[in-house]
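Please find below a short note on the structure.

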Amino acid sequence: MNLLIIFISAVLINNFVFYYFLGLCPYLGVSRKIGPSISMGMAVTFVLSLTAVSSWMINHWILIPYGLDYLQIVSFILVIASLVQLVEMFIRKVSPPLYQAMGIYLPLITTNCVIMGLALLAALKNYNFLETVVFGVSAGIGFTLAIVLMAAIREQLELADVPRPLRGAAIALITAGIISLAFMGFSGIIK
Amino acid sequence: MAQKTTRQQFFKGLWAENPVTRQLLGLCSVLAVSNAVINGVAMGLAVTFVLVFSALLVSLIRTIVPNQVRIASFIVIIASFVTIADRVLAAYFPQLSKAMGPYVPLIVVNCIILGRAEAFASKNKVWPSIIDALGMSGGYVLTLLLMGFIRELLGNRTVLGTQILGQWFEPWVVMLLPPGAFIMLGLIIAISNFIDFKIKERRKQP
């Protein structure tokens with residue numbers, strides 16, 4: 001039950017993009033077309049799940065037992081950076097088509113606040129191992145949902161006559177605001 | 001890059017290359033902590049501290065560090081300064097630190113800092129790097145304070161906790177919530193674009 005609540009809350013209510021404002025750089029950068037945005041969402045979900053696992057292990061097996069909590073920031077960022085590098089090499093060797101689809105987005109993910117944010121939030125909320133994994137996967141699904149929705153709207157926006165100063169980032173942010181407003185309707189699901 | 005005077009170096013960060021409204025960097029923290037001016041002040045100080053000191057250190061070691069490992073070493077430098085800022089904040093201002101949640105540690109992945117380290121500090125001498133960092137953080141703080149001011153005023157009738165608008169004003173609660181942040185930043189970017197277009201038009205017809 002608890003896991004289900006974490007899932008729903010990370011996908012709909014406390015969506016990483018609309019509630020925590022994490023991962024906005026790729027969110028605005030790669031949401032022009034639906035195709036690439038799906039690939040980006042997949043890549044982020046994948047790395048998020050792996051990060052959730054490895055950051056939990058580092059935090060609970062190394063940092064906390066030895067009282068090194070203050071090294072959290074440094075160690076998380078290093079783990080994420082090396083993890084992304086490893087995943088990139090692995091995918092390139094194992095599945096070239098998959099690499100074609102999400103390869104270019106992988107390096108970008110290193111400096112993506114979603115990943116770091118997940119590691120820090122999971123540590124902050126004191127989740128156990130299973131909860132952390134569910135949290136990571138559902139955060140990824142939430143991100144994918146947000147970015148694909150946004151891409152679908154932006155494809156339509158291409159055809160609209162937007163006033164000149166609003167073109168580009170400005171209208172994208174206002175659109176995100178309106179989607180976020182709609183997502184707030186979900187907040188009643190969980191007390 | 002054309003040689004710029006110190007003044008131009010500083011002021012480009014405030015307007016022409018403003019990291020938030022022009023380069024769309026560091027949006028996460030701008031949106032997240034701008035629901036009150038005081039949060040904005042703390043976040044602005046933290047980012048300025050990290051940006052200036054990491055620019056200083058990166059520019060000092062730029063000739064020693066091999067090219068292949070430069071990004072990794074920049075990240076370690078930035079992460080160390082962020083840790084210092086985070087610990088100091090947690091020790092002296094526990095409430096503020098709690099209100100900002102994970103966003104202070106998240107300065108590590110704030111693209112402004114790595115972006116400036118890579119694009120500027122790693123290629124320039126110490127003094128210009130510091131000026132550039134100061135200008136960039138100035139632009140960031142300015143946007144953050146503007147957002148915080150508008151959101152706190154409209155959403156809570158207050159500025160820095162003091163009531164400004166009278167009881168007649170029905171607070172716009174949405175301004176304190178995430179959608180308000182998105183829409184406000186969109187409008188600020190649009191307005192700054194508009195002013196830019198106007199300036200360009202005026203320059204065209206002498």
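Which residues have the most contacts inside the largest nonpolar core?

1. This is a predicted model, in which local features need pLDDT of at least 70 and side-chain atom pairs count only at pLDDT 80 or more, while totals for chains, interfaces and linings use all residues. Residues are numbered from 1 along each chain as its sequence is written, and chains are lettered from A and ligands numbered from 1 in the order in which they are written.

2. The residues with the most contacts inside the largest nonpolar core are M116(A), V50(B), I78(B), L106(B) and V108(B), and this core has 110 residues. Such a core is a set of buried Ala, Val, Leu, Ile, Met, Phe, Trp, Tyr and Cys residues joined through C-beta atoms within 7 Å; buried means that 20 or more other C-beta atoms lie within 10 Å of the residue's own, with C-beta atoms placed from the backbone.

3. Beyond its neighbours within four places in sequence, V50(B) is in contact (C-beta atoms, placed from the backbone, within 7 Å) with residues including I78(B), F81(B) and I113(B).

4. To the contact between the chains, chain A gives 34 residues and chain B gives 33 residues. On the side of chain B that touches chain A, α8(B) gives the most, with eleven residues; helices are DSSP runs of H or I with at least four residues, numbered from the N terminus.

5. In helix α1 of chain B (residues 6–14), the buried residues are Q9(B), F10(B) and G13(B). They lie on the same side of α1(B), because they cover an arc of only 90 degrees around the axis, taken from the directions from the helix axis to the C-beta atoms. Their cover includes α7 (126–156) of chain B.

Key
A residue is buried if 20 or more other C-beta atoms lie within 10 Å of its own, exposed if 12 or fewer, and partly exposed in between; C-beta atoms are placed from the backbone. Two residues are in contact if their C-beta atoms, placed from the backbone, lie within 7 Å. Helices (H or I, at least four residues) and strands (E, at least two) are DSSP runs, numbered from the N terminus.
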